[in-house]
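Trainee: I would like to go through this model with you. Could we begin with the charged contacts?

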Amino acid sequence: MGHSSRTVDYVVGFLREQGLHDVFGVDGANIEDLYDAVALAGAPLRALVAKHEFSAATMADGYHRAAGRAAVVAATSGAGAMNLVPGLAELRASQVPALALIGQPPAALDGTGSFQETSGLAGTMDAERLFAEIGVFCARVTEPDRIVEVLPRALEAALAAPGPAILLLPKDVQQSELGAWPERIARVGAPPRPLSAEPARAEAVTVLTAARAAGDGERAGGGVVVLAGPGVIRADARAELAALCEVLDADIAVAPDAKDVFDNTHPRYLGVLGPSGTPETDRRVAEASAVVVAGNRLPQMAGGSLREQLGRVPVISVDGGEPPLLPAGQPALIRLTGPIAAELDALARALEPPAASPGAAAATAAGARPYVPARRLAAVDSAAHPAGALDLPTALDVLARRLPEDANLVVDAGNTGATTVHRVPAPRRGRFITALGMGGMGHSFGAGIGAALATGAPTYVVAGDGAFYMHGMEIHTAAELGLPVTFLIVNNNAHAMCHTREQVFFTGDYTFNLFRPAHIGAGVAALFPGVRAHHATDAAELDRALAAPHDGRPVLISIDVDPHQVPPFRPFHTNRKDPMSTSIDDIPGLIRIENTPQEQAIGLAASYTPGPSPFVTVEEYIDAPPQAVYDYLSDIRNLDEFTYSTRAFRPVEGTPGLYEGRDPLAHPDTKIFMSVKADPAALTVDMHCAWDQGEELWMVYLHRIVDARTVLGRPGSVVLWTNSRHPYYDKNPFPELAPTPERPWVGDFWDIFAAAHALELQNLKKILEHRHGNGGAA
């Protein structure tokens, strides 16, 4: 039931007049009247319900980034309102305009301890004070008639800042009838900004003309470099930016969250700024004679490391009133503060095209710096990527081949995000979306849905398993709405960037961030019939899954990758001193002939007593050809013959390469799981195994086979067999899977591992020498 003159009916009428037709949120008791008003108003308004309020905000985020239109977020009080906080914080930090309507308990109950009260009275939290810190505008509407004045102010603030404007709407105010409505609801827009004064533009033209002349045309140095950011995208000024780069003959580097501001296949494109970029981009900036900073404040993740370099060259900032974060007293900063598109256009028009010298004309005729259009690449050859060889860079290369030119590519945080930003070009006519304000994990799921709704274009979300566990249930929302979204879930069973930081910046001998294996593709397939879910095990399988046409359902593709792979994120590679830059004389404790006399060195060696070792290595000469030894060791069936107790291995259904056997060493019902990773070129055979379960194969036996002619000068093989003391040897990580609680643990036998492995190596030697000596095939 509805009433035509409720406060919420006015709100919905206002939204319709402003073209704000999509309302993202989660319903609840103190916002349900607004949803009722949306339902009564009908098309083109629609309410789009998320699984979580954070994702409702990220849907509004992706919606704007993909189409340039503001959106509305509507949530209830209490936990619903609090769940909005990180999403609205991202909108604020990334300057995304949105109108957030948050329900509150009835104002008549303020100060009485009402359910979910946040009035600031009677010791309660003050929601208005909280959201005033997050939004560019916040007001608590306590009188119905105030909505007519406050609502336009809120939207104007959101568009002008830009950022989220927040209105707190008590339930009784929403339900109250208004007096007279305005006969006409005026359209609201951001206040216009004037172009910069002509002297500033003239000074910029003088500087840029000189810098352009200093360039040599071959991009070895000098000239102009443009550093573009998301402000250019918000201003819809891509064409103006391209025109300016053309007239300046300038190269361009882009912020990670503005990767689609310039064609990534163009010869002028230098790459991404910040930690996910390359040192080559920084070097090109350092060589420039002048730099144009366009819509880029140069935060830490988008060129902040260049601020000191920029102090040495003239900088022209086209910033729309938001100055770059340069040191105070930047010696040669010229700011053009009008609307970014208009400023770029005016600057390009004021710059005379460069005079074409005979040499330059010849170079142009010969096709120097040719424009190379993007092209669709051929399907992936499975032979080039053997089964099990799928890693993240390979997977992203496959994705890049399959991205339509008009796609939205939405990228999450962490190692997966850093690698994608570094490696995958932005779609030529689409969008590349990533959140760098708060950098919240799971942002991409809602943002991808918002982008798909805003554009109708095919949308691809790339996220890690950690992000999936946080907000991946929005896949259900995509299924409910029948959206053409493909979710590529990179499963490394870890919070991988946190794990990488443990390894790079700390001792690396512990981790809080590795998980037990999970099967995300299979889980989603079982949970959501409305999602077409796959698990791809190699590059060719991933390529086929990406190439399959959409059938009206979202698609989820999971892949497994190594959590230990370090992404192309520069702090992980450059924050610590370059190991080759350290003088050998600066490393303490080395014993070398240059610093230790021979007699002293001999004495030290004679007195050396090795301590307990975390490694067990046994070695043996075997009178059999290396290839025969390799063929025998790499066949898992032969474990029945040469090991003391492991028996009866058979394939595990549904998990290629995994085998289950039994090991009655400590109990007759002990299961052992194993996978053999063999390299015929290197003659290595690594056996990954574990008792009781096959999800985490933590016992690793490393075998290397060496041609004895190389090391002993005679035919045959030398076999080296090493096992390392994993922490799980000290305590069973899966005690609930043991056949009985009393069964001894494999780590209880560590002290006899060397003897036991030597015994088994002797078995191997006898078997192979017997069969080889008798002409049998080992």
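Mentor: Arg725 and Asp730 form a salt bridge, with their closest N and O atoms 2.7 Å apart. A salt bridge here is a side-chain nitrogen of Lys or Arg within 4 Å of a carboxyl oxygen of Asp or Glu. This is a predicted model, in which local features need pLDDT of at least 70, side-chain atom pairs count only at pLDDT 80 or more, and totals for chains, interfaces and linings use all residues. Residues are numbered from 1 along each chain as its sequence is written, and side-chain values use heavy atoms, with hydrogens and water left out.

Trainee: Is Asp730 buried or exposed?

Mentor: Asp730 is exposed, with a relative accessible area of 54%, and Arg725 is partly exposed at 35%. Buried means under 20% relative accessible area, exposed over 50%, and partly exposed in between, with a 1.4 Å probe and protein chains only.

Trainee: How many salt bridges does the structure hold?

Mentor: The structure holds 34 salt bridges. One of them joins Glu343 to Arg201, with the closest N and O atoms 3.2 Å apart. This pair links distant parts of the chain, 142 residues apart: Glu343 is in helix α14 (residues 340-350) and Arg201 in helix α9 (residues 198-214). Helices (H or I, at least four residues) and strands (E, at least two) are DSSP runs, numbered from the N terminus.

Trainee: Are Glu343 and Arg201 buried or exposed?

Mentor: Both Glu343 and Arg201 are buried.

Trainee: And what does Glu322 meet in a salt bridge?

Mentor: Its partner is Arg297, at 3.5 Å from N to O. Glu322 lies in the loop between β11 (315-318) and β12 (333-336), and Arg297 in the loop between β10 (290-294) and α13 (307-310), so the pair ties together parts that are 25 residues apart in sequence. Glu322 is partly exposed at 28% relative accessible area, and Arg297 is partly exposed at 31%.

Trainee: Which residues are linked in a network?

Mentor: Arg6, Asp9 and Asp36 are linked in a network of salt bridges.

Trainee: How many bridges join β1 to β3?

Mentor: Three bridges join strand β1 (residues 22-25) to strand β3 (residues 71-75), and the two run parallel. Val23 stands opposite Val72 in β3.

Trainee: Finally, which residues line the largest cavity?

Mentor: The lining consists of Val411, Asp412, Ala413, Thr434, Ala435, Gly439, Gly440 and His443. The largest cavity has a volume of about 30 Å³. On a 1 Å grid over the protein atoms alone, a cavity is a set of points where a 1.4 Å probe fits but cannot get out, and lining residues have an atom within 4 Å of a point. Grid points are joined across faces, edges and corners, and a volume is the space filled by probe spheres set on the points.

Terms used. On a 1 Å grid over the protein atoms alone, a cavity is a set of points where a 1.4 Å probe fits but cannot get out, and a pocket is an open set with protein on both sides within 12 Å along at least five of seven lines; lining residues have an atom within 4 Å of a point. Two strands pair if DSSP finds at least two bridges between them.
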